[in-house]
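Please keep the sequence and the structure in view while reading.

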Amino acid sequence: MTHLWITGASQGIGRAVALAAAARGWTVSATARSAAGLENLAAESGGRIQAFPGDITDRAGLAAVVAAIEAQRGPIDIAVLNAGTHEPTDGAAFDAAVYDHLIKVNLTGTVNSLAAVLPGFTQRRAGRVALVSSVAAYRGLPKAGAYCASKAAVTALAESLRFDLAAVGVTVQVVHPGFVRTPLTDRNRFAMPSLIEPDEAAAHILAGLTSSRFEIAFPRGFISMLKLLRLLPYRLYFPLVARRTGVSSGFE
Ligand SMILES: NC(=O)c1ccc[n+]([C@@H]2O[C@H](COP(=O)([O-])OP(=O)(O)OC[C@H]3O[C@@H](n4cnc5c(N)ncnc54)[C@H](OP(=O)(O)O)[C@@H]3O)[C@@H](O)[C@H]2O)c1
């Protein structure tokens, strides 16, 4: 039976993925800081999901969590490194502390999660790891310097590891969600185009995890539009995105 480990499972996308995987009959080990959130999730799953609280910014603590998971429930087959966060940033009121925080959670937290799970994968010459990045990794967006930088790094990390780990039988994937309604995006004060529900996001992610695709990106129409934007030269990209997002000064 497939054994999935997912981080950031106490709410939002991670919670929906854990429940969708459990509904498929997979064994799910769920990590986040909130023990109460994870216990609530485990109760909803009727026993297939087990809570293993942990903080992805604590490298040694997370390695101990993964060791406990594998000792109790057997080797992990698939790791979904989903835990992450977002805070808007205004480059004109530059605050390095927000950058430190987002890089610590989104990038170093992902690195810590890899450090916990990869030794077992490489030793067994088996396993699949999906790094949850964002469409914000595609190009720099206004008021999102820290988030875009941290997620672009996660995507580059996944691309690089895809080469290195294929040689030892380990599959690497990257997840690029568009807007998904979660406690994280509930804080946004702007209209989110092509917003989808967590269950739909989870269905896309589960389908991707059972495919050979590197990139799991959704929803399709929104992704196609953003991929076109990625091809635009800077002289067109900056004025177009400034106009569409209401950032006006300097680009007219
Ligand atoms: N929602 C979107 O539109 C969207 C779009 C693109 C990408 N994403 C990415 O998708 C992932 C999930 O996003 P979401 O919208 O579901 O966010 P969310 O609702 O805020 O959930 C984030 C999850 O990560 C956990 N987490 C945060 N910091 C952690 C830490 N230090 N250690 C362990 N767990 C931690 C949280 O649990 P605790 O607080 O209990 O630790 C929570 O379970 C993130 O990586 C996000 O960047 C989201």
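In strand S4 (residues 78–81), Ile 78 and Val 80 point one way, while Ala 79 and Leu 81 point the other way, and all are buried. Buried here means under 20% relative accessible area, exposed means over 50%, and partly exposed lies in between, with a 1.4 Å probe and protein chains only. In a regular strand the side chains alternate between the two faces of the sheet. Helices (H or I, at least four residues) and strands (E, at least two) are DSSP runs, numbered from the N terminus.

The model is predicted: local features need pLDDT of at least 70 and side-chain atom pairs count only at pLDDT 80 or more, whereas totals for chains, interfaces and linings use all residues. Residues are numbered from 1 along each chain as its sequence is written, and side-chain values use heavy atoms, with hydrogens and water left out.

Strand S4 has pairing partners, two strands being paired if DSSP finds at least two bridges between them. S1 and S4 pair in the parallel sense over three bridges, and Ile 6 has Val 80 as its bridge partner in S4. S4 and S5 also run parallel, joined by four bridges; here Ala 79 has Val 129 of S5 as its bridge partner. Strand S5 (residues 128–132) in turn pairs with S6 in the parallel sense, over five bridges. Within that pairing, the partner of Val 132 in S6 is Val 175. Strand S6 (residues 171–177) is mostly covered, since six of its seven residues are buried.

The next stop is a loop. Ser 10 lies in the loop between strand S1 (3–7) and helix H1 (12–23). With a relative accessible area of 19%, Ser 10 is buried. Contact means heavy atoms within 4.5 Å; not counting residues up to four places away in sequence, Ser 10 touches Arg 15, Ala 32, Ser 34, Gly 37 and Leu 38.

Leu 226 belongs to helix H7 (residues 220–231) and is buried, its relative accessible area being 14%. Apart from residues up to four places away in sequence, Leu 226 touches Val 135 and Tyr 138. Leu 226 and Tyr 138 are 88 residues apart along the chain, yet their C-alpha atoms are separated by 7.7 Å.

Leu 240, in helix H8 (residues 234–245), counts as partly exposed at 28% relative accessibility. Leaving aside neighbours within four places in sequence, Leu 240 is in contact with Leu 229 and Leu 232. The C-alpha atoms of Leu 240 and Val 170, 70 residues apart along the chain, are separated by 40 Å.

The view now widens to the whole protein, which has eight helices and seven strands. Its radius of gyration is 18 Å, close to the 18 Å that the globule rule gives for 252 residues, so the protein is as compact as a globular protein of that length. That radius is taken over C-alpha atoms, and the globule rule is 2.2 Å times the number of residues to the power 0.38. Along the principal axes, the C-alpha atoms fill a box of roughly 60 × 40 × 35 Å. Of the 252 residues, 48% are buried. Among contacts between residues at least 6 apart in sequence, 64% join residues at least 24 apart.
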